[in-house]
Amino acid sequence: MILVLCPAAALAQSPTEASPPSSQASQPQIDWNKVDAEATQRLIEYVRLDTTNPPGNESRGVDWLKTIFQAEGIPFETGESAPGRASIAARLKGTGKEPALVLLSHIDVVPVNREFWTVDPFAAELRDGYLWGRGSVDTKSLAIAGLEAMLLLHRYHVPLRRDIIFLATADEEAGGTYGAGWVVKNHPEWIAGAGFLLNEDARTEADGSGKLLYFRVGPAEKSPAWLKLTAKGRAGHGAYPNPDSAVNHLVAALERLRAYRPMLQVTPLVEYALHTQAPYEAEPWQSRFADIRTYIQTPGAYDELLKRPPILALLENTLNITGLEGSNKINIVPTSATALLDCRLLPGTTVEEWLREIRKLVQDDSIAIDVILNFAPTESNIDTALHAAIGNAVKQLYPGVGLIGAVDAGFTDSHFFREKGLTAYGFGPFPMRQGDTARVHGNDERIPVDGFTGGVRLMWQVVYDFSRAQ
C-alpha cells in the first residue's frame, strides 16, 4: 500500500514489501498495480454519479454497482424505499462456520456550494496527487475498498469461513430512514447471519509533515437528540412594547442554554480512546490523555479543552442552537417562535434524562420541547477477532504504526446494526492529513490517490485475514 501523495512528496511510510509471515504464505499473488488502476477508475466513475441528498437519487449508484456484480457473477439484491432511493446487497458465500461480515457504505452525499469549489465537485478530477470530488472521502472511497476486497476474494476463489456481505445504502446523510434503517426493517434477510460490520469514520491521521501516526478503530458513537423548541406569546404590531412575546420568551430561554456548560464525564470507551492516543500527543496533552479522569477534575480543564473541540465533544453532552424562526414580516410580532437544537449524547445518557436537563435550563413551562430525532447511544466490544484482524493487518503492512481507539462525536448508520446485535466498527483505512479531513462536508473534498489505493490494500488484508478458511 502506497500512502498519501501531496504535490511535493508522499507520506513518510509505505507498506512493508518484505515477505509475508508464514501465516500469509498462501495469500493470492495479487498484481497491486492493476488493482490500484481499477479501483481508482471505479472511484472516478462513482464520484461522477451525483447522488446529492436531498433528493438522493441513490438508484444511480445502485445501477452502476449492479453492472459490476453482474459482470463478476456475484449474486445481489436491490430495493427502493421510495422512488430513486435504492440500496443494494451482494453476498459471497462461505462455510457459515462463523458470523458474516458486512462491508457497509452509503451512496448519498451532502450538497455542494459550487461557487466555493476550485473544481467541478462531480468531475472526479485528478490533480496534485488527489482525486477531487464530493463523496471522494465520504464515503464512496470506502465502498470501492470493500468492493475490491470482495471482488478479489471472488476472483481468486478464496475459501471463506464466513459470508462477506457488501451493503451500500441510501440516505445516511439525512439519518438513514430511507436507507440502512429501511434495510434492517424491510430486508433483514440481506444481513442474515451477520455478526460483524465495518463502516465509515475513525479516520487515520498523518501529521503536518506527512508522517503516518496511527489508524483508528471506532467501536462507539454519540447519539443525536435533535430538539425543537416552540414558544407562544402575545401577537401584535411591531410598533408597540410587548414583553410577553413568543420571541422574547424564546430568546430568554436560548440565552440560558447558550451559557450552559455541561458536566464533563468520561465513558469507558472514550477513556480507552484517549489513553491509546496519548503516546502520539505532545505534553501537556500526553499526560492529560493518559489520565483523563484526573485531568477533567483540575481547575481550568474546561477552558483548555475548549481549545480542542473534537476532544471536548467526547467528554460532554453537547448542545448547539442551529435554527431560529419567528415572524416572516418585520413589523409583526408573531404568535409563536421556534428554535432548533442539535444535541449529541454520550453513551449512558438517555434522551429522557437530557430532556429533564433542558427543561431545568429553559425555566419556562410555556415552551414546548419536541424530539425530532433520537436513538439510544450504541457501542461495541473491542475484544473481538475483527478488532484483532485490523490490528494484525496494520502491523503487517505498517510496522511501528499504531492502532488507537475512537469514539465518533457524530453518528453513522452503524447504530441500526448494533441495535440488532452486530459488532460494528468505524474504520478509515485511508491516511488523511487534518487539512484534508476538514474538507469533508465542506468545499473541495478530496482524497489522496496513493492514500486511497493504500486503503484498498489494507481493507483487503483485513477482510482476507478475518474471513479466509483456516
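Modeller: Ground rules: numbering runs from 1 along each chain as its sequence is written. The model is predicted, so local features need pLDDT of at least 70 and side-chain atom pairs pLDDT 80 or more, while totals for chains, interfaces and linings use all residues, and side-chain values use heavy atoms, with hydrogens and water left out.

Colleague: Which strands stand at the edges of the open four-stranded sheet?

Modeller: The order is 12-14-10-15, with antiparallel pairing; pairing takes at least two DSSP bridges, and strands are DSSP E runs of at least two residues, helices H or I runs of at least four, numbered from the N terminus. Two strands have a single partner each, so one side of each lacks a neighbour in the sheet. Those are strand 12 (318-325) and strand 15 (368-374).

Colleague: What is the bridge partner of leucine 319 in strand 14?

Modeller: Strand 12 and strand 14 (residues 336-345) pair antiparallel over seven bridges. Leucine 319's partner in strand 14 is cysteine 343.

Colleague: Is glutamate 281 buried or exposed?

Modeller: Glutamate 281 sits in the loop between helix 6 (268-277) and helix 7 (285-290). Its relative accessible area is 13%; under 20% counts as buried, over 50% as exposed, and in between as partly exposed (1.4 Å probe, protein chains only). So glutamate 281 is buried.

Colleague: Which residues does glutamate 281 touch?

Modeller: Touching means heavy atoms within 4.5 Å. Leaving out residues up to four places away in sequence, glutamate 281 touches Gln286, Phe289 and Arg308.
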